[in-house]
Amino acid sequence: MENPFDDTYFMKKALIEAEVAFEKGEIPVGAVIVINDRIIARSHNLTELLNDVTAHAEMQTITAAANFLGGKYLSNCTLYVTLEPCQMCAGALYWSQISKIVYGASDEQRGFKTMGTKLHPKTEVVAGILAEEASLLMKRFFLEKRNLN
């Protein structure tokens with residue numbers, strides 16, 4: 001029997017978090033961290049609410065997952081995030097030793113690939129899962145922001 005808990009399933013959960021961010025006026029990035037097909041952490045960007053440039057969705061989920069697991073390493077965990085992590089988040093993911101990162105839309109300007117940021121050598125990366133949905137949400141957010149100003 002096929003496992004229903006695939007990358008698309010969990011990316012949809014991250015997209016729900018991104019929608020929550022959108023509704024709060026935050027840049028719509030959502031993330032979940034999974035271990036053994038179970039979500040152990042979920043969040044979205046909180047930079048505006050917390051007035052904190054480090055309050056990215058990834059950073060929030062790393063902290064929550066580490067608290068859940070009772071340790072700083074996220075081996076055997078997968079991060080699902082709607083946008084390619086920036087170099088700050090990639091650095092934190094490196095130190096967390098996360099096993100896998102799955103992201104939706106690429107960030108051609110600020111993504112870790114463009115910035116040349118290294119991930120942990122054992123971290124697997126999968127790109128482009130529900131990329132169109134994630135990208136459309138970002139475009140809608142910035143279009144609405146421009147129309148309000």
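Strands here are DSSP runs of E, at least two residues in length, numbered from the N terminus. With that in hand, welcome to a quick tour of a predicted model.

- Five strands form an open sheet of mixed pairing, in the order S2-S1-S3-S4-S5.
- S2 and S5 are the edge strands, and each has a single partner, so one side of each has no neighbour in the sheet.
- From one strand to the next, the twist averages 15°.
- Strands S3 (residues 78-83) and S4 (residues 100-105) run parallel and are joined by 5 bridges.
- Within this pair, Tyr80 sits opposite Val102 in S4.
- Helix H3 (residues 57-69) packs on the sheet, where it touches S1 (30-35), S2 and S3. The direction of H3 makes about 145° with that of S2.

- You will find Ser43 in strand S2, which covers residues 38-44.
- Beyond its neighbours within four places in sequence, Ser43 contacts Glu17, Gly30, Ala31, Ala57, Gln60 and Thr61.
- Ala65 is 22 residues away from Ser43 in sequence, and their C-alpha atoms are 11 Å apart.

**Thr123, in a loop**
- Thr123 belongs to the loop that links helix H5 (112-115) and strand S5 (124-127).
- A polar atom of the Thr123 side chain lies 2.6 Å from the backbone oxygen of Ile98.
- Leaving out residues up to four places away in sequence, Thr123 touches Ile98, Ser99, Lys100 and Ile101.

Definitions and conventions. Residues are numbered from 1 along each chain as its sequence is written. This is a predicted model: local features need pLDDT of at least 70, side-chain atom pairs count only at pLDDT 80 or more; totals for chains, interfaces and linings use all residues. Side-chain values use heavy atoms; hydrogens and water are left out. Helices (H or I, at least four residues) and strands (E, at least two) are DSSP runs, numbered from the N terminus. Contact means heavy atoms within 4.5 Å. A polar contact is a pair of N or O atoms within 3.5 Å; within protein, one must be able to donate a hydrogen and the other to accept it, and residues adjacent in sequence count only if both atoms are side-chain atoms. Two strands pair if DSSP finds at least two bridges between them. Axes are lines fitted to C-alpha atoms, for helices over the stretch in contact, and angles run from 0 to 180 degrees between N-to-C directions.
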